[in-house]
Amino acid sequence: LIAGMDKALVGMCVNERRLVKIPPKLAYGSEGVSGVIPPNAVLHFDVLLIDLWNSEDEVQVQTYFKPEKCPRTVQVSDFVRYHYNGTFLDGTLFDSSHNRMRTYDTYVGIGWLIPGMDQGLLGMCVGEKRIITIPPFLAYGEEGDGKDIPGQASLVFDVVLLDLHNPKDGIAIENQQVPESCERRSQAGDFLRYHYNGTLLDGTLFDSSYSRNRTYDTYVGRGYVIAGMDEGLLGVCTGEKRRIIIPPHLGYGEEGRGKIPGSAVLVFDIHVVDFHNPSDSVSITVNYKPSNCTVLSKKGDYLKYHYNASLLDGTLLDSTHSLGKTYNIVLGSGQVVVGMDMGLQDMCVGERRTVVIPPHLGYGEDGVEGEVPGSAVLVFDIELLELVSGLPEGYMFVWNGEVSPNLFEEIDQNHDGEVLLEEFSEYIQAQVDSGKGKLAPGFDFEKIVKNMFTNQDRDGNGKVTAEEFKLKDQEAKEEHDEL
């Protein structure tokens, strides 16, 4: 530069404007510049400083926001996602990822970026915001980028880091709450019901089962969910809460899905509601058994019992205590779910037990609308209060003593050779009242009698004749003889 300009520019700031007056002796003197500047000319310059740097400059980093928690910082070979505004030193914007509404995704420290950015991103936390100022020789140098960035330009990047991971990363599990009692932990092949909130590393929520008011139900360890979740759900207890951090290569990869951007690290805060295995049977825990426990419940017995029904997480579903009356069934008759039929077997009056029923022996995948969730494991706390012994399987009525040899004549009260339903019903009722016969307990009297009568009425004309009338054991013998 001419001597006057050399002096005039010293001490200037970027964006400073100066009016500079240079006498001839500090400019082009008595010679001037042929055709441009006459001899002994005083020169006036209106100067605006746009950029400045020194060959000894390094990358400058100014952090203006840093999260309180910073479990991990950017290291060489990490993959990062960040937003930025790129300006020159004078503030002129030349590029912005915000305007494109898409993060810049790249590896750090391996030459995928200009050297200054490779240096400037190191040590950042997710959520951190910093200004990175890069001299041209660590940016695009003398040539610029051939488009928006001129040669010898210093660059200023205002960066916010949204995500980082390393291709070597596996999932990370942070146990937040593990129940004191954990009798069993999930294994591959189990079916889990859980709630979750799914966020990106910067806290952006992308999905939540709570917002749908329904658990997410799936098999684990079988590829039904993303690989990271498949792994992260193993070894959990019912009621456990944990955070599962999943790198993109174990999540939705470079492409992403829906609200999940490509190459995003996923954070799932999960709460395990229950789990079971399709091979599970009913689990029975006896809490109390009377000293006199000789008569045990069996198929066909009429039972009266109290129960509290809940989910594995303790959510109460139903209780006979609140209704003020027992629940009454004939065991093995299909009046309750299969698991309850199993759980009430071999129980004595006064016994208390806890019965855990997997969904395939309970209400299955559909559950009960508004009452029992689909695929739910059920817990019943049961107390057996009364037991009336049932009849042998296949019988709805038995004789307590010898059967009269003139049975048909006794039923046929008007001796017309035909028995009507009314006659048949009155006779059976009389036998039960006198103790000579016994009906299967727990069933409607009229339905039993009508069924018995229909079985005897072979031709279906509403009347039973002596030829049609046979006892059950006689029918069995005849069938056996035919076979």
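Predicted model: local features only at pLDDT ≥ 70, side-chain atom pairs only at ≥ 80, totals over all residues.
**Domains and annotation**

- An unreviewed UniProt entry carries the annotation "domain: PPIase FKBP-type", which covers residues 1-53, 77-165, 189-276 and 300-388.
- For residues 1-53, the end C-alpha atoms are 17 Å apart, and the span is 13% helix and 23% strand.
- For residues 77-165, the end C-alpha atoms are 9 Å apart, with 11% of the span in helix and 39% in strand.

**Helix 10: extent and start**

- Helix 10 is made up of 12 residues, 445-456, and it reaches 17 Å from its first C-alpha to its last, which is close to the 16 Å expected at 1.5 Å a residue.
- The N-terminal end of helix 10 is capped by Asp444, which places a side-chain oxygen 3.3 Å from the backbone nitrogen of Glu446.

- The buried residues of helix 10 are Ile448, Val449, Met452, Phe453 and Gln456.
- Viewed down the axis of helix 10, these buried residues fall within an arc of 130 degrees, so they line one face of the helix.
- An α-helix has 3.6 residues a turn, so residues three or four places apart point the same way.
- Glu446, Lys447 and Lys450 are exposed on the other side of helix 10.

Technical notes. Residues numbered from 1 in each chain as written. Heavy atoms only, no water. Helix = DSSP H or I, 4+ residues; strand = E, 2+ residues; numbered from the N terminus. Expected span 1.5 Å × (residues − 1). Buried < 20%, exposed > 50% of the residue type's maximum accessible area, 1.4 Å probe, protein only. Arc of directions from axis to C-beta. Polar contact = N/O pair within 3.5 Å; in protein donor to acceptor, adjacent residues only side chain to side chain. UniProt positions renumbered as here; feature names shortened; annotations may be inferred.
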